[in-house]
Amino acid sequence: MKEIELHERIGEVSRMIFSYCRAKTPTREDAEDLSQDIICELIRSVENIRDEKAFYAFMWGVAGNVYKQWYRKKLQNNTCELTDDIPIEEDLTDDDRDDVYLLRRELALLSEKYRKATILYYVDGRSCSDISSALAISESMVKYLLFKSRKILKEGMGMERNLGELSYNPKTLIPMYSGNGPNRFGAFMQSKVKQNIVSACYNDELTVQQISLETGIPLPYLDDEIKELENKQIIIKDGNHYKANVIVITSECADEIERAVAKYHEQIADKIEAFLGETIVEYKSIRFAGSEFSENTLRWQLATVLFRMICGIDCGDKVNAPKTGWGESAYLWCLEKLNEKHIFSYCGVDDKHGNSLYFFDYWKGGKGKGDHHDFYGNDRYINIFCDLCRGEKKPLSEYDLEAVAEMIKKGYVIKEDEAYKVTVPVYTSGQYETVVDMVQAFISNELVSVIGALDHSAAKILSAHTPKHLQNQVDGIASMDKFVNAVCIPATILMDRQALSTAWHPLEMPTTYVVLK
């Protein structure tokens, strides 16, 4: 029998089946339950009908068998029924309140399709026909969902449910990104609910119900977040279970890595200090705009180029960055806590002509000077500033002068003899290439082996803390995550030695620079 014909037949006989069940059972609720059992069995068994003309005889045979099974089960079980006339809570006994609590708990754990049908039918009082239209499914499917949800609710109310640790001790994850294109992962993962779903699924593969119990969040509040995480491939589904698809560096893992690589911090700092001392004169001789700046600013500027390049060193057998749910190639990972020694962030933006503005923000204790947020996402500011760096002479509009005034206030521009002058080094592409070559030669000769050993140690520890299905990302993430151990901590050592000073020159920006195309 074709599915369309089956639905039509069931629609015709559903009232007849209900009348049969009403006569066989003591309550309307029992009749509904039995009716749904019979209809579901009909749907499952219809392929056994050899002659469609025998449908009614077959139907009554199924009805009789299902009723016998239902009756035997009824004698064995005494469970709390879901009815459509639940009394108000004030009128309930203590035992009844416990049952209502269990019922609410189990409703919160029903998956979306079952929960919607149940609420529409029992809470909103909608007919199966109305629910069929609202959910765009057949009436027989509505009846199946109601039958199944009643069964799930009954079983669940007899279970002991234990909430997980995240329900009373939720995690805060810090999203990290390294790759091509804008960092959309950071904004996407600001939701605490998303962070705790990822935490729950990191070491264990969980169903949506288990995620709900682990986080203590009812499924109605999780459904959309789970769908969004799955759509962006932050979690992946395997059957009915979900697992995290990004590496989470826990506090314990981060501390273990730092202890293991501590021996490399002083080595890196020693080599960088020697490089700055030996190279500063050659660096000045490139005669870029700003090469006359103070010694400390120039040491910082040279170190800034070096620090940025250290972040890009590939010292292991790192696989190519995977494709993200946004389509670009990038590494995505999360930190359970931001290391207090993480004292820098870096960023680069381009103007309309392809000129580049680079930032390396130092923000420990509010002592920084220069912040990429002053320009990031503001194309007008970027274009005006790069025009000033190029020596553009065109008159500025009153609107543009307001932007320049803001740049003066923040230290990026000064006004001298009715002209505006930037306070950052400005390189031509050729000059910057010379600087990069100097730094690259030093890294290749002095740092690659040390940072390679650091990466290897970090990857070994990270691997021991990472689920099996994410092992292919370990080398890449360990390499990307070396920022604190290969840059921030050695830089702090250099500042403690006064090889780099945070006593910034008032008219010079120490870690921001421009490269003209």
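Helices here are DSSP runs of type H or I with at least four residues, numbered from the N terminus. The views below come from a predicted model.

**View 1. Trp60 and a nonpolar surface patch.** Trp60 lies in helix H3, which covers residues 55–76. With a relative accessible area of 35%, Trp60 is partly exposed. Together with Met16 and Tyr56, Trp60 makes a nonpolar surface patch of about 280 Å².

**View 2. Ile197 in helix H9.** Helix H9 spans residues 192–200 and holds Ile197. Ile197 has a relative accessible area of 0% and is therefore buried, the cut-off for buried being under 20%. Residues up to four places away in sequence aside, Ile197 touches Ile211, Leu222, Glu225, Ile226, Leu229 and Ile235. The C-alpha atoms of Ile197 and Ala244 are separated by 8.4 Å, while the two residues stand 47 residues apart along the chain.

**View 3. Helix H10 and the residue after it.** Helix H10 runs over residues 208–215, and its buried residues are Val208, Ile211, Ser212, Leu213 and Thr215. Ile211 is also one of the residues that Ile197 touches. Gly216 follows H10 and has a positive phi, near 75°.

**View 4. The nonpolar cores.** In the largest nonpolar core there are 98 residues, and those with the most contacts inside it are Val198, Ile234, Tyr283, Phe307, Ile310 and Phe344. Helix H16 (residues 429–464) gives the most to this core, with 14 residues. Neighbours within four places in sequence aside, Ile234 is in contact with several residues, including Phe185, Phe188, Met189, Val198, Ala244 and Trp326. A second, separate core has 23 residues, among them Val349, Leu357, Cys386 and Val426.

Terms used. Residues are numbered from 1 along each chain as its sequence is written. This is a predicted model: local features need pLDDT of at least 70, side-chain atom pairs count only at pLDDT 80 or more; totals for chains, interfaces and linings use all residues. Side-chain values use heavy atoms; hydrogens and water are left out. Patches are made of residues with over 30% relative accessible area and no salt bridge: like charges are joined within 9 Å, nonpolar side chains (Val, Leu, Ile, Met, Phe, Trp, Tyr) within 5 Å. Accessible areas come from the Shrake-Rupley method with a 1.4 Å probe; for residues, only the protein chains shown count as cover. A salt bridge is a side-chain nitrogen of Lys or Arg within 4 Å of a carboxyl oxygen of Asp or Glu. Helices (H or I, at least four residues) and strands (E, at least two) are DSSP runs, numbered from the N terminus. Buried means under 20% relative accessible area, exposed over 50%, partly exposed in between (1.4 Å probe, protein chains only). Contact means heavy atoms within 4.5 Å. A nonpolar core is a set of buried Ala, Val, Leu, Ile, Met, Phe, Trp, Tyr and Cys residues joined through side-chain atoms within 4.5 Å.
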